Amino acid sequence: MENNMRPADMQRINTPELAQAFIQEQLEQVRAQVGNKKVLLALSGGVDSSVVAALLIKAIGKQLVCVHVNHGLMRKGESEQVIEVFRNQMDANLIYVDATDRFLDLLAGVDEPERKRKIIGGEFIKVFEEEARKLEGITFLAQGTIYPDILESDGVKAHHNVGGLPEDLQFELVEPVRLLFKDEVRVVGKALGLPETMVERQPFPGPGLGVRCLGAITRDRLAALRESDAILREEFAAAGLAQQIWQFFTVVPDFRSTGVRDGKRAYDWPVIIRAVNTVDAMSATVPEIPWAVLQKITGRILTEVAGVCRVLYDLTPKPVGTIEWE
């Protein structure tokens, strides 16, 4: 885009009225830019891509083609929510690709964190490229670039891992929220009618649960991770903690410990709870969770999640510890 600098006098979008004004402005700009051509979007289900999808559906309808790639490393219910919200409720032109086996087969036996990240990111680009080549008449690529991406990358950041597409697939970009900060994107998302759970979705790493299933990823540990994470989110929401804590999740390491279940020796995994508060993610503190909440979460995980015999709470601030474990 030719204008990637936020005007000094640009008003902060912090009310529904300002969000609606922004939406109307972007609808006109998108329609003027796109005309009757088709637009492709990698729809991850994250805040930025979801808001862009909702905005473009409103602007150009079926001219937008959304591709959601499920790499098998999503949190519980996330791909299902993308299908429900965009295909079933918004009648989006949505292509759903279940590439779970493809990703997990490539990741089998890989325990080095950076190699895992490269495999996941690289394979995502391949899957997206394959889907893009099946389509005809695509002229534009929509991206969920937001203003911090521009500031941090000295230009438009390749968002959602699609920056590595081959030269012959370098479409013209459509980036309707590129001048917004994350909090403004959330306000616009609410004004577009997206569900609260999607608009307030926590930061989620590109490799997904791949960097929380520590070491070499196995399907059984991945299942334990997904289920324990869902329990944590349910109980934090029920206790009114979900909006008070910046980020929280579970981690399942690649080792076992001794336990006792039904009067017999068990040799199962621990689940580690990680919760942090931060302003800029450069440093982070660990919140004090009510003991009764931790007890309830522990009881549910030990009862409901197969293969787990311990629950731990990570008390490490950043620094020294990073927010993610890998």
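Predicted model: local features only at pLDDT ≥ 70, side-chain atom pairs only at ≥ 80, totals over all residues.
**Notebook: helix pair and sheet**

Residues are numbered from 1 along each chain as its sequence is written, and side-chain values use heavy atoms, with hydrogens and water left out.

I found that the axes of helix 4 (residues 100-107) and helix 5 (residues 113-134) come within 10 Å and cross at roughly 150° (lines fitted to C-alpha atoms, for helices over the stretch in contact, with angles from 0 to 180 degrees between N-to-C directions). The two helices are therefore roughly antiparallel, a term for angles over 145 degrees.

I then listed the contacts (heavy atoms within 4.5 Å): Arg-102, Phe-103, Leu-106 and Leu-107 in helix 4 meet residues of helix 5 that include Lys-116, Ile-119, Phe-124 and Glu-130. By class, this contact has 7 nonpolar, no polar and 5 charged residues.

Turning to the sheet, I recorded an open arrangement of 5 strands in the order 3-2-1-4-5, with parallel pairing (at least two DSSP bridges between two strands). Strand 3 (93-98) and strand 5 (172-174) are the edge strands, and the twist averages 30° from one strand to the next.

Strand 1 (residues 38-42) pairs with strand 2 (residues 64-70) over 4 bridges, and Leu-40 stands opposite Val-65 in strand 2. Helix 5 packs on this sheet, touching strand 1, strand 2, strand 3 and strand 4, and its direction makes about 155° with that of strand 1.

Technical notes. Parallel < 35°, antiparallel > 145°, perpendicular 65-115°, else oblique. Nonpolar A, V, L, I, M, F, W, Y, C, P; charged D, E, K, R; others polar.
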